[in-house]
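Please read this briefing alongside the sequence and the 3D view.

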Amino acid sequence: MATLPFQAAGIEDGREAFAARFSRELEADGYPANPSNWLHHVDETAGKALPVEVVPRGMSVLVIPGIFGDCVDEQSLPFSDGIARERPANYTEGYAHYRASLGSVRAIQLSGRASSASNAVLLADEVQAEAQRAGVEAIVLVAYSKGLPDALLALDVLRREGRLPSELKALVSISGVLLGTPIADRYQRLHDSLAPLFAPLGCSQSAGGEVASLTVRERLPWLVARRLPERIALYSVVAHAERDAVSPGLRHFHDLLATLDPMNDGQVIAGWSLLPGSTLLAEVKSDHWTYVLPLSGHPSLLVRTIASPADFPRAAFFRAVVKSVVQDLQR
C-alpha cells in the first residue's frame, strides 16, 4: 500500500464537472443551486451551461445495497424514495421516481448478512440475466458500501467464467469498502459470536462471513491478487464529515477511524474507498448513511434514533451521479 495524492494514483478528478451537474439537479428539486452546501472542495457552481443529458434508451441502473441492507429494506434502500413497502416491492417501486429521468432503475435483492463471495454468485447471475433482458443495451452498477466487494467479486466470477456481458459499461463505488475497514478487523470476532443468536429488525439470518468480507485482512490481498476489468469504466464517490455531523450510531466508529485518518464517514476511510483508475465524482459532506439511506424516516424508533435527522438531497445527487456516468460514457 502507498498513500498518495489521488492524481498520482491514476485517479481522474471529475469533481468540478459533477458539482455543476449536481447544481442543476438541486435547482430542479427546489434546493439552493449551491453544491458546496453538500460537497467538499467545490465552489458554488452554475450547472446551466452544461448540455442537457439524455439517458439513452436501453440503459439499466442496478443498485447494490450494503451490509445489513435487508434489515431496513422495506423503507431504506440506497437512494430510494423512503416510502415503506413490503419486500420485494421496494426494490423496484422505491426507484419509480427516477423512471422519467433515468429509465430503468432497481436494486438487487441480496442477503445483508452473507459473505461477499456468496453474494457474488447471485449478483453475477443477476447481471448476466439483466444483460439478456430485451431492450437492455447498457448496464451501470451502483455499489454502496459492502456492495462494492460483492460487485467486484461478481465481476471476477463473470470474467473467469467467460460470461462478462458486453452490456456492462460502468461501476460506481458509493463509499465502497475497497481496501477494507479496520472496524471490521476489530469487531469481526465479537460479531461472529453474536450473529447466530439474533436477527434484529427485518434482517435475514446470518450466513456467516459478512463482516469478514469487510476486513482489511481479506480485501487488501484480494485487490493485490486481481486486476479489475479494463473495459468497464470506474467511478468513485467518497464521504467524510466532522464528528458532530455524524449520525449518533456512527460516532464511536468515526472516533476509532479518526486515529488513522479523520477524513472518514464513520465506516470507511475516504482514501481507502477510491477505485484504482476511476474518476472521482464527489467528496460528500456526510457520514456513511445520511447521503445514501433515508433512515430518518424509518418506521422503527431505534433506527431513527441512531440516524441523523439532517436532510440530504439524495434524489438530486443520484440523478447527478447517473447522468455524469452517461455523459462520460458517451464522450
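In this predicted model, the face of helix H7 that is turned away from its buried side carries Val224 and Ala225, both of them exposed.

**Helix H7**
- Within H7, which spans residues 216-225, the buried residues are Val216, Arg219, Trp222 and Leu223. Because these residues cover an arc of only 150° around the axis, they lie on the same side of H7.
- The packing partners of the buried residues of H7 are helix H5 (147-160) and helix H6 (182-194).

**Strand S6 and its partners**
- Strand S6 (residues 233-240) has seven of its eight residues buried, and it is therefore largely enclosed by the rest of the structure.
- Strand S5 (residues 168-174) pairs with S6 in the parallel sense over five bridges, and Ile174 stands opposite Val237 in S6.
- Strand S7 (residues 279-285) also runs parallel to S6, to which it is joined by six bridges; here Glu283 in S7 is the bridge partner of Val238.

**Helices H1 and H10**
- The axes of helix H1 (residues 15-28) and helix H10 (residues 314-330) come within 9 Å of each other and cross at roughly 135°, which means that H1 is oblique to H10.
- The crossing in which H1 passes H10 is right-handed.
- Residues of H1 that take part in the contact include Phe18, Arg21, Phe22 and Glu25, and those they meet in H10 include Phe317, Arg319, Lys323 and Gln327.

How values were computed:
Residues are numbered from 1 along each chain as its sequence is written. This is a predicted model: local features need pLDDT of at least 70, side-chain atom pairs count only at pLDDT 80 or more; totals for chains, interfaces and linings use all residues. Side-chain values use heavy atoms; hydrogens and water are left out. Buried means under 20% relative accessible area, exposed over 50%, partly exposed in between (1.4 Å probe, protein chains only). Helices (H or I, at least four residues) and strands (E, at least two) are DSSP runs, numbered from the N terminus. The arc is that of the directions from the helix axis to the C-beta atoms. Contact means heavy atoms within 4.5 Å. Two strands pair if DSSP finds at least two bridges between them. Axes are lines fitted to C-alpha atoms, for helices over the stretch in contact, and angles run from 0 to 180 degrees between N-to-C directions. Angles under 35 degrees count as roughly parallel, over 145 as roughly antiparallel, 65 to 115 as roughly perpendicular and the rest as oblique. A crossing is left-handed if the near helix is turned anticlockwise from the far one by less than a right angle, and right-handed if clockwise.
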